[in-house]
Amino acid sequence: MSIEFDNNLPIYLQIMDYIKREIVTGKLKAGDKIPSVRELAVELQINPNTVQRTFQELEREAIVETRRGLGRYVTSEESKIMRIKKEMAGDLLERFIHGMQELGFSSEDIAAIVTEAVQGEASELQRSND
């Protein structure tokens, strides 16, 4: 695991985001065991208390669960994983739309640009499959 930390955001939030991204992209699957506090702290070269806080927050959000004596595991509930994925998509969309509006694009312009880009991706995918 390799994370480039941003000094403007708390480290535990950055680790949470990384773990969530690993889950929604399927690199960490439902029911997978996640590293221990010590393992992750050593790997990321950070204080174990920071990792512990990360795990507490992930448990509070029901993204990971602790199994006594066995460690922590990614939730097995696909609905929670889908909720995370939708939240992350919403955050990306919000930043994109805000950035486009700052550039002076109207809602209609943004929709047209996105439609064109998606159609271009579909065409590119079709060409690569031929």
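Okay, so first off, what you're looking at is a predicted model. Domain 1 puts 11 residues into the contact, and domain 2 puts in 6 residues.

There's also a record to set beside that. UniProt, in an unreviewed entry, has "domain: HTH gntR-type" at residues 9–77. If you run over that stretch, 51% of it is helix and 12% is strand, with the end C-alpha atoms 29 Å from each other.

Back to the interface. On the domain 1 side, helix α1, residues 11–24, gives the largest share of what touches domain 2, namely 5 residues. Sort that side by class and you get 6 nonpolar, 1 polar and 4 charged residues.

So what does the rule find in salt bridges across the interface of the two domains? It comes back with 0. For polar contacts across that interface, there's 1 residue pair, both at pLDDT 80 or more.

Now the whole structure: the search there turns up 7 salt bridges. In general, side chains of opposite charge can pair when their charged atoms come close. One of the salt bridges is Lys 20 with Glu 61, with the closest N and O atoms 3.0 Å apart. Lys 20 is in helix α1, while Glu 61 is in the loop between α3 (48–60) and β1 (64–67), so this pair ties together parts 41 residues apart in sequence.

Last stop is Glu 57, which is in helix α3. Its side chain makes a polar contact with the side chain of Arg 60, at 2.8 Å. And which residues does Glu 57 touch once you leave aside its neighbours within four places in sequence? Those are Tyr 12 and Met 16.

That's my bit, over to you.

Notes:
Residues numbered from 1 in each chain as written. Predicted model: local features only at pLDDT ≥ 70, side-chain atom pairs only at ≥ 80, totals over all residues. Heavy atoms only, no water. Contact = heavy atoms within 4.5 Å. Salt bridge = Lys/Arg side-chain N within 4 Å of Asp/Glu carboxyl O. Polar contact = N/O pair within 3.5 Å; in protein donor to acceptor, adjacent residues only side chain to side chain. Helix = DSSP H or I, 4+ residues; strand = E, 2+ residues; numbered from the N terminus. Nonpolar A, V, L, I, M, F, W, Y, C, P; charged D, E, K, R; others polar. UniProt positions renumbered as here; feature names shortened; annotations may be inferred.
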